[in-house]
Structure formats: structure tokens, C-alpha cells
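These are my notebook entries on one protein model. I looked up its helices, its ligand and one of its loops in turn.

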Amino acid sequence: MITATSLFVAAILGIAGVARANDNPTPPSHMGRPVLGESIYTQSPRPLVSVAHRGGAGVAPEQTAAAYAKSVKVHPTCFEADVQLTSDGVPILVHDRTFARTTNVETVFPDRAHDKVGTFTYKEVRKLDAGSWFGKKYAGQRIPALSDILDYVYPHDIGLFLELKNPDLSPGLEKTVAHQMAVDSRWQGMVATGRLTFLSFDAASLRRMSVLRPEVPLLWLNPTVPSSAELKKLDGWADKFGTDYRNLDTAGLKRVRSTNLTLATYTVDTTEGMDWSLKHGVDTIISDYPATLLERAKTETLPVMTTKRVLPPGTDGPRAASAQK
Ligand code: G3P
Ligand code: CA
């Protein structure tokens, strides 16, 4: 008999491809999570943390006011942003190591199109058009300074996943971010309501940040799930682990679930990927399409975390909890 569950499994296996075809999707019993009816999948005991990647890079030029304005209306739990430093030490929100892909740098500074982000002053960065590459109607969008994103997240009860990006190219990045937080009280508001998380692929950078701002939860990113031994080491100082969902299988899920770390997947832009993460109880899903993600969560009848309601300090991971004691 063809059941809804078997159809769903067939769809997942068909769309998610060979990597998933050999997986045994039976949830590890030690997860202790409720099973949804006859489903072989599990539901997270925590509401979903939905994250608009680069402010919602699928619907407007990434990390611009246009993207933030659109995503605010959708109200994901958090925005995600990448922070790097200009040559004069201003933290700006940009992902790549150069401005070539996402701006008109080639027109404005023809000889410097492939120069590193950190070789431009803030004044020079503000001359770049960060919107036209995405669509004519976005002409004139600028690369924001770090503090600019607060205008969108702070008054709207949205959280921020702030990624310390390419810290090797931005010496002093952590100190600069910490300083910004000290001089603008809105950051304290973000921290006090549990709405700020630091993330990075660079564990050393996260640790430096943690010394400066120990009250902010940490998420370590890695494209694959490391060994149990590595995860165990991480478990002592980070709160969350984030990985590329395309590399995640049930063995990886099981390894993460055997720790206290909460699990994030990036960058989940297909509905199949969203459904897979939702069905497997992933705590945090990072997507360029926050509206679609929230729709899928609704379809799965999973509650979505709102920062206003569920993220007081101490509720989001073992490290945050111990900081409260
Ligand atoms: O939020 C995690 C994700 O942003 C990591 O990848 O390359 O988009 O910064 P990337
Ligand atoms: Ca990022």
C-alpha cells in the first residue's frame, strides 16, 4: 500500500539524490524526540530558528537595505550577515573576499576589481553599487556598515547571526565588533534578549570573540560534520554547530545529537532541502528564501521561534545557560 509516508520518503530520496539514497533515515533512539505519528522522522523539541541568509539573498541583492527591508516583512527569527573590515577599520557587511561579484567595482575602480575587501577605505566602499548586478531596480544599493543592520533587526524583534568572515584578512575584527557593541546600546538590547549569535568557520576567531563578549552564543561552521571526538571538543565551548545540509546524513545527525550542540544547516534553498531539515529536527535552518522556509515550516506544522517570545538569555544552548548562573 502506498502511504503518505512512503510517498514522502520516495520524494526525498528521489530529489535529494544518491548521497541520501543509502542513508537509513531511522532516527537514533537516544535523541528522545517524539515521533510524528507513523512517521520515521522526528520533531525538534525546540521551535525552528529560521534565518534569512545574507538578509535574504534570494529575493534581493545580498546584504543590502533592499534585502533587509523585504525580509523584515517576512519576519524570520534572525538575519545572517558576514562582517569584514575596511582598510580604515570600519566593519562592513559583505561576503566575498573581493567586491567583484556583487558590485560595480570594475567600473568605479578599474584597476582594483580583484583587490581584497580590506584594501578599500569605507569612503571608497560607499561609492560601490551593490544592487545593479542583481537587477536594474536595485541600482544604488550600498554595502552597509555593521551598525546599519540594527535599523532592521533591533526595532523588529529579529535576531542576528553575525558571521566573522575571513578573519585572516581582517586583523582585529573581533575587537572592532566588540567595540561597536560597547558604543551602541542597541547591541546590549540584542544580547539581553538573546538575539545575537556569533558564527564563523574560523574557530580561533570565535574563541577570540568569546573572550571579548562571553555572553553571546557561538556557532561553529564546518562544511561537514566532524568526528565525534572533534564534536566533543567543540561541545565544551560552542553552543551550536552549523553545516552544509548537502553533506549531512543520518550518521552526521546522530553524531551532533549525541552532544549538547544545537544543529544548523546552510544554505537551504530548495524546498526538498528545507523539508529534509525540518523532518529531521534541525534546530536552525539558514536560507536565502526566508518566506519559503517559513511556508514549509507551516506545512510541517512546526512552530517557528520568534525572538520576542522564546529567546530570553539562557534558553539557547548550554553555554548561554551557564552564563546566566
Ligand atoms: O550562515 C552560514 C553560511 O552563511 C555560511 O556560508 O559562505 O554563505 O558565509 P557562507
Ligand atoms: Ca555567511
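**Entry 1: helix α11**

I began with the buried residues of α11, which pack against α10 (228-235), β7 (240-244) and β8 (262-266). In α11 (residues 250-257) these are Leu-253, Arg-255, Val-256 and Arg-257. I call a residue buried if 20 or more other C-beta atoms lie within 10 Å of its own, exposed if 12 or fewer, and partly exposed in between, with C-beta atoms placed from the backbone. Two residues are in contact if their C-beta atoms, placed from the backbone, lie within 7 Å. Helices (H or I, at least four residues) and strands (E, at least two) are DSSP runs, numbered from the N terminus.

**Entry 2: basis and overview**

I noted that this is a predicted model, in which local features need pLDDT of at least 70 and side-chain atom pairs count only at pLDDT 80 or more, while totals for chains, interfaces and linings use all residues. Residues are numbered from 1 along each chain as its sequence is written, and chains are lettered from A and ligands numbered from 1 in the order in which they are written. I found 15 helices and nine strands. Of the 325 residues, 43% count as buried.

**Entry 3: helix α9**

Which residues of α9 are buried? I listed Ser-205, Leu-206 and Met-209. Seen down the axis of α9, these buried residues fall within an arc of 100° (taken from the directions from the helix axis to the C-beta atoms), so they line one face of the helix. On the other side of α9, I found Ala-204 and Val-211 exposed. The cover over the buried residues of α9 includes β4 (159-164), α7, β5 (196-200) and β6 (218-221).

**Entry 4: ligand 1**

I then listed the residues around ligand 1: His-53, Glu-80, Asp-82, His-95, Glu-163, Leu-221, Gly-242, Tyr-266, Thr-267 and Ile-286. A residue is near the ligand if its C-beta atom, placed from the backbone, lies within 6 Å of it. This shell divides into three nonpolar, four polar and three charged residues. Ala, Val, Leu, Ile, Met, Phe, Trp, Tyr, Cys and Pro count as nonpolar, Asp, Glu, Lys and Arg as charged, and the others, Gly among them, as polar.

**Entry 5: Glu-300**

I located Glu-300 in the loop between α13 (290-299) and α14 (307-310). Is Glu-300 buried, exposed or partly exposed? Glu-300 is partly exposed, because 15 other C-beta atoms lie within 10 Å. Glu-300 and Leu-278 are 22 residues apart in sequence and 7.5 Å apart in space, C-alpha to C-alpha.
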